[in-house]
Amino acid sequence: MKVKKQQKNTFSAISINRITAERFREYSKTVAKSHTETIDTMIDFFEKANITPKSKFMMSFYKFQKYMVGRLDYIIELLREHERKYHKPTHDMLKALFEGNTCLECAERKEPLFIEPMFEKLTREEWNIKEETVPKKKYDTVINERNEERKKMFELLEKITLVKPRFSKAYHKLEIDATELAIFKRNLKDY
(Lines give C-alpha, C1' and ligand atoms only; values in the text may rest on other atoms or scores of the structure.)
Protein backbone atom coordinates (compact mmCIF):
# COMPACT_ATOMS: atom_id res chain seq x y z
CA MET A 1 0.00 0.00 0.00
CA LYS A 2 2.78 2.41 0.91
CA VAL A 3 4.53 1.72 -2.37
CA LYS A 4 1.48 2.85 -4.29
CA LYS A 5 1.17 5.94 -2.08
CA GLN A 6 4.77 6.93 -2.74
CA GLN A 7 4.30 6.57 -6.45
CA LYS A 8 1.28 8.85 -6.38
CA ASN A 9 3.27 11.65 -4.66
CA THR A 10 4.74 14.10 -7.07
CA PHE A 11 7.57 16.43 -6.16
CA SER A 12 7.75 20.16 -6.68
CA ALA A 13 10.84 22.35 -6.74
CA ILE A 14 11.16 25.38 -4.47
CA SER A 15 13.87 27.98 -4.95
CA ILE A 16 15.85 28.42 -1.75
CA ASN A 17 19.09 30.19 -1.04
CA ARG A 18 22.04 27.77 -1.24
CA ILE A 19 23.22 28.50 2.32
CA THR A 20 19.71 28.06 3.71
CA ALA A 21 19.32 24.80 1.76
CA GLU A 22 22.55 23.45 3.30
CA ARG A 23 21.38 24.42 6.78
CA PHE A 24 18.03 22.72 6.14
CA ARG A 25 19.70 19.50 4.93
CA GLU A 26 21.80 19.32 8.12
CA TYR A 27 18.76 20.03 10.30
CA SER A 28 16.60 17.57 8.36
CA LYS A 29 18.95 14.69 9.22
CA THR A 30 18.24 15.20 12.93
CA VAL A 31 14.43 15.43 12.60
CA ALA A 32 13.25 12.87 10.02
CA LYS A 33 14.37 10.52 7.27
CA SER A 34 13.47 12.81 4.38
CA HIS A 35 13.17 16.52 3.74
CA THR A 36 9.43 16.16 3.08
CA GLU A 37 8.83 14.55 6.46
CA THR A 38 10.86 17.27 8.16
CA ILE A 39 8.81 20.04 6.55
CA ASP A 40 5.54 18.22 7.34
CA THR A 41 6.62 17.86 11.00
CA MET A 42 7.55 21.55 11.23
CA ILE A 43 4.27 22.71 9.65
CA ASP A 44 2.24 20.38 11.93
CA PHE A 45 4.03 21.79 14.98
CA PHE A 46 3.33 25.40 14.06
CA GLU A 47 -0.31 24.67 13.17
CA LYS A 48 -1.04 22.71 16.39
CA ALA A 49 0.72 25.27 18.59
CA ASN A 50 -1.01 28.08 16.68
CA ILE A 51 2.18 30.16 16.51
CA THR A 52 4.36 31.71 13.85
CA PRO A 53 8.08 32.39 14.17
CA LYS A 54 7.48 36.15 13.81
CA SER A 55 4.59 36.42 16.26
CA LYS A 56 4.86 39.06 18.98
CA PHE A 57 4.02 36.45 21.59
CA MET A 58 7.04 34.32 20.70
CA MET A 59 9.41 37.29 20.64
CA SER A 60 8.20 38.51 24.03
CA PHE A 61 8.44 34.96 25.38
CA TYR A 62 12.08 34.66 24.29
CA LYS A 63 12.91 38.07 25.76
CA PHE A 64 11.23 37.12 29.03
CA GLN A 65 13.05 33.80 29.09
CA LYS A 66 16.42 35.52 28.55
CA TYR A 67 15.59 38.09 31.26
CA MET A 68 14.64 35.36 33.74
CA VAL A 69 17.82 33.38 33.07
CA GLY A 70 19.85 36.53 33.72
CA ARG A 71 17.98 37.25 36.96
CA LEU A 72 18.43 33.65 38.14
CA ASP A 73 22.18 33.87 37.45
CA TYR A 74 22.27 37.07 39.52
CA ILE A 75 20.36 35.46 42.39
CA ILE A 76 22.65 32.42 42.36
CA GLU A 77 25.74 34.65 42.50
CA LEU A 78 24.16 36.71 45.30
CA LEU A 79 23.48 33.56 47.34
CA ARG A 80 27.04 32.30 46.82
CA GLU A 81 28.46 35.65 47.92
CA HIS A 82 26.17 35.70 50.95
CA GLU A 83 27.27 32.20 51.89
CA ARG A 84 30.94 33.12 51.41
CA LYS A 85 30.69 36.32 53.50
CA TYR A 86 28.26 35.39 56.28
CA HIS A 87 27.39 31.72 56.57
CA LYS A 88 30.87 30.22 56.24
CA PRO A 89 32.53 32.43 58.92
CA THR A 90 29.58 31.93 61.29
CA HIS A 91 29.71 28.18 60.74
CA ASP A 92 33.45 28.13 61.43
CA MET A 93 33.03 30.17 64.64
CA LEU A 94 30.27 27.91 65.95
CA LYS A 95 32.27 24.83 65.04
CA ALA A 96 35.27 26.19 66.95
CA LEU A 97 33.06 26.96 69.97
CA PHE A 98 31.52 23.50 70.13
CA GLU A 99 34.79 21.68 69.50
CA GLY A 100 36.77 23.88 71.85
CA ASN A 101 39.81 25.71 70.51
CA THR A 102 41.69 22.68 69.25
CA CYS A 103 43.60 24.52 66.56
CA LEU A 104 47.14 25.53 67.54
CA GLU A 105 46.90 28.79 65.68
CA CYS A 106 43.90 29.90 67.79
CA ALA A 107 45.61 28.96 71.06
CA GLU A 108 48.85 30.78 70.21
CA ARG A 109 47.14 33.94 69.08
CA LYS A 110 45.97 35.88 72.09
CA GLU A 111 44.44 39.23 71.38
CA PRO A 112 44.93 41.97 73.98
CA LEU A 113 41.98 43.15 76.01
CA PHE A 114 40.16 46.22 74.80
CA ILE A 115 41.68 49.35 76.35
CA GLU A 116 40.07 52.70 75.86
CA PRO A 117 42.39 55.14 74.06
CA MET A 118 41.94 57.64 76.88
CA PHE A 119 43.64 55.31 79.42
CA GLU A 120 46.29 53.95 77.08
CA LYS A 121 49.90 54.53 78.16
CA LEU A 122 52.22 55.27 75.26
CA THR A 123 55.65 56.77 74.80
CA ARG A 124 56.11 59.99 72.84
CA GLU A 125 57.34 58.10 69.74
CA GLU A 126 54.33 55.77 69.85
CA TRP A 127 51.99 58.76 70.12
CA ASN A 128 53.72 60.40 67.13
CA ILE A 129 53.33 57.23 65.10
CA LYS A 130 49.71 56.81 66.15
CA GLU A 131 48.82 60.43 65.40
CA GLU A 132 51.03 60.38 62.30
CA THR A 133 52.95 63.47 63.36
CA VAL A 134 56.35 64.34 61.92
CA PRO A 135 59.21 65.79 63.98
CA LYS A 136 60.08 69.44 63.28
CA LYS A 137 63.56 68.66 61.89
CA LYS A 138 62.23 66.10 59.42
CA TYR A 139 59.43 68.45 58.41
CA ASP A 140 61.91 71.29 57.76
CA THR A 141 64.19 69.05 55.66
CA VAL A 142 61.23 67.84 53.58
CA ILE A 143 60.07 71.42 53.01
CA ASN A 144 63.60 72.52 52.02
CA GLU A 145 63.96 69.61 49.58
CA ARG A 146 60.58 70.44 48.08
CA ASN A 147 61.52 74.10 47.65
CA GLU A 148 64.78 73.11 45.94
CA GLU A 149 62.88 70.81 43.56
CA ARG A 150 60.44 73.61 42.78
CA LYS A 151 63.35 75.97 41.97
CA LYS A 152 64.87 73.37 39.65
CA MET A 153 61.52 72.88 37.91
CA PHE A 154 61.05 76.63 37.43
CA GLU A 155 64.60 76.91 36.03
CA LEU A 156 63.78 74.14 33.59
CA LEU A 157 60.49 75.77 32.62
CA GLU A 158 62.31 79.07 31.92
CA LYS A 159 64.48 77.24 29.37
CA ILE A 160 61.41 76.27 27.34
CA THR A 161 60.68 78.55 24.40
CA LEU A 162 57.78 78.66 21.96
CA VAL A 163 58.78 78.20 18.32
CA LYS A 164 56.37 79.34 15.61
CA PRO A 165 57.49 78.04 12.20
CA ARG A 166 56.05 79.59 9.08
CA PHE A 167 54.44 76.46 7.53
CA SER A 168 53.65 74.15 10.45
CA LYS A 169 52.16 74.18 13.92
CA ALA A 170 53.83 75.93 16.82
CA TYR A 171 55.79 73.81 19.28
CA HIS A 172 57.84 74.18 22.47
CA LYS A 173 61.60 73.75 22.48
CA LEU A 174 63.69 72.82 25.53
CA GLU A 175 67.07 74.51 25.32
CA ILE A 176 69.40 72.42 27.48
CA ASP A 177 72.26 70.09 26.65
CA ALA A 178 72.03 66.29 26.90
CA THR A 179 74.09 65.95 30.11
CA GLU A 180 71.91 68.44 31.96
CA LEU A 181 68.81 66.53 30.83
CA ALA A 182 70.31 63.21 31.94
CA ILE A 183 71.12 64.66 35.38
CA PHE A 184 67.58 66.01 35.69
CA LYS A 185 66.10 62.60 34.78
CA ARG A 186 68.36 60.80 37.26
CA ASN A 187 67.31 63.18 40.05
CA LEU A 188 63.65 62.57 39.26
CA LYS A 189 64.15 58.78 39.36
CA ASP A 190 65.88 59.01 42.74
CA TYR A 191 63.14 61.25 44.08
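1. Ground rules. This is a predicted model, where local features need pLDDT of at least 70, side-chain atom pairs count only at pLDDT 80 or more, and totals for chains, interfaces and linings use all residues. Residues are numbered from 1 along each chain as its sequence is written, and side-chain values use heavy atoms, with hydrogens and water left out.

2. Overall layout. The protein chain comes to 8 helices and 2 strands, and along the sequence they run α-α-α-α-α-α-α-β-β-α. Both kinds of element are DSSP runs numbered from the N terminus (helices: H or I, at least four residues; strands: E, at least two). Of the 191 residues in the chain, 6% count as buried.

3. The nonpolar patch around Y74. Y74 sits in helix α4, residues 56-99. Together with L72, I75, L78 and L79, Y74 forms a nonpolar surface patch with about 490 Å² of accessible area. Patch members have over 30% relative accessible area and no salt bridge; nonpolar side chains (Val, Leu, Ile, Met, Phe, Trp, Tyr) are joined within 5 Å, like charges within 9 Å. The areas themselves come from the Shrake-Rupley method with a 1.4 Å probe, and for residues only the protein chains shown count as cover.

4. The structure holds 6 salt bridges, the test being a side-chain nitrogen of Lys or Arg within 4 Å of a carboxyl oxygen of Asp or Glu. One of them joins R18 and E22 at 3.3 Å, N to O. These two are 4 residues apart in helix α2 (residues 18-31), so about one helical turn separates R18 from E22. In general, an α-helix has 3.6 residues a turn, so residues three or four places apart point the same way. R18 is exposed at 58% relative accessibility, while E22 is partly exposed at 42%.

5. E77 and R84. This salt bridge has its closest N and O atoms 3.8 Å apart. On the accessibility side, E77 is partly exposed at 40%, whereas R84 counts as exposed at 53%.

6. Helix α3 and what follows. With 15 residues (35-49), α3 reaches 21 Å from its first C-alpha to its last, close to the 21 Å expected at 1.5 Å a residue. That expected span is 1.5 Å times one less than the number of residues. Just after α3, N50 takes a positive phi of about 60°.

7. A negative patch. E37, D40, D44 and E47 make up a negative surface patch. Asp and Glu count as negative and Lys and Arg as positive, with His and the chain ends not counted. Each charge is placed at NZ of Lys, CZ of Arg, CG of Asp or CD of Glu. Among the members, E47 is found in helix α3 and is exposed, with a relative accessible area of 58%.

8. The strand end of things. T161 belongs to strand β1, residues 160-163, and is partly exposed at 28%. T161 and K173 are 12 residues apart in sequence, and their C-alpha atoms are 5.3 Å apart in space.

Terms used. Buried means under 20% relative accessible area, exposed over 50%, partly exposed in between (1.4 Å probe, protein chains only).
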